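Dear colleague,

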Amino acid sequence: MKEQLASIRAQALAAFQAAGTPAELDALRVQYLGKKGELTAVLKQMGSLSPEERPAMAQLANEVRAALETAIEQQGKPLE
């Protein structure tokens, strides 16, 4: 799961940097953070983890989500 989260983070940050319009950026936001997004899909797998693993994975997932949300905000300002 750590590898999945790291991969999602890297792919999303690269995609956000490549976005050329606000619409593209919003589509990427939905793709990664939306209800059926890639990060959300990983979070749904948390139930299969052992109780010992959950806190660490939840913290890592929250860090990835925060990083993606920050990147979207930063990238969105110059596009507007």
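At 40% relative accessibility, Asp26 counts as partly exposed, the class between buried (under 20% relative accessible area) and exposed (over 50%), computed with a 1.4 Å probe on protein chains only. This is a predicted model, in which local features need pLDDT of at least 70 and side-chain atom pairs count only at pLDDT 80 or more, while totals for chains, interfaces and linings use all residues. Residues are numbered from 1 along each chain as its sequence is written, and side-chain values use heavy atoms, with hydrogens and water left out.

The side chain of Asp26 forms a salt bridge with that of Arg29, at 2.9 Å from N to O; the term denotes a side-chain nitrogen of Lys or Arg within 4 Å of a carboxyl oxygen of Asp or Glu. By this rule the count is one salt bridge. The two residues are three apart in helix H2 (residues 22-33), so about one helical turn separates Arg29 from Asp26. Helices here are DSSP runs (H or I, at least four residues), numbered from the N terminus. Arg29 is likewise partly exposed, at 34% relative accessibility.

Turning to the packing of helices, the axes of H1 (residues 2-18) and H2 come within 9 Å and cross at roughly 170°. Axes are lines fitted to C-alpha atoms over the stretch in contact, with angles from 0 to 180 degrees between N-to-C directions. H1 and H2 are therefore roughly antiparallel to each other, a label for angles over 145 degrees. Ile8, Gln11, Ala12, Ala15, Phe16 and Ala18 of H1 make the contact with Glu24, Leu25, Leu28, Arg29 and Tyr32 of H2, where contact means heavy atoms within 4.5 Å.

The largest nonpolar core has 21 residues, of which Met1, Leu5, Phe16, Leu28, Tyr32, Leu33 and Leu68 touch the most other members. Such a core is a set of buried Ala, Val, Leu, Ile, Met, Phe, Trp, Tyr and Cys residues joined through side-chain atoms within 4.5 Å. H1, H2, H3 (38-44) and H4 (54-79) each supply at least two residues of this core, and the largest share, six residues, comes from H4. Leaving aside neighbours within four places in sequence, Leu68 is in contact with Ile8, Arg9, Ala12, Leu13, Phe16, Tyr32 and Leu33.

Finally, Glu38 lies in helix H3 and is partly exposed, with a relative accessible area of 29%. Not counting residues up to four places away in sequence, Glu38 touches Ile8, Gln11, Gln31 and Tyr32.

Yours sincerely

Notes. Parallel < 35°, antiparallel > 145°, perpendicular 65-115°, else oblique.
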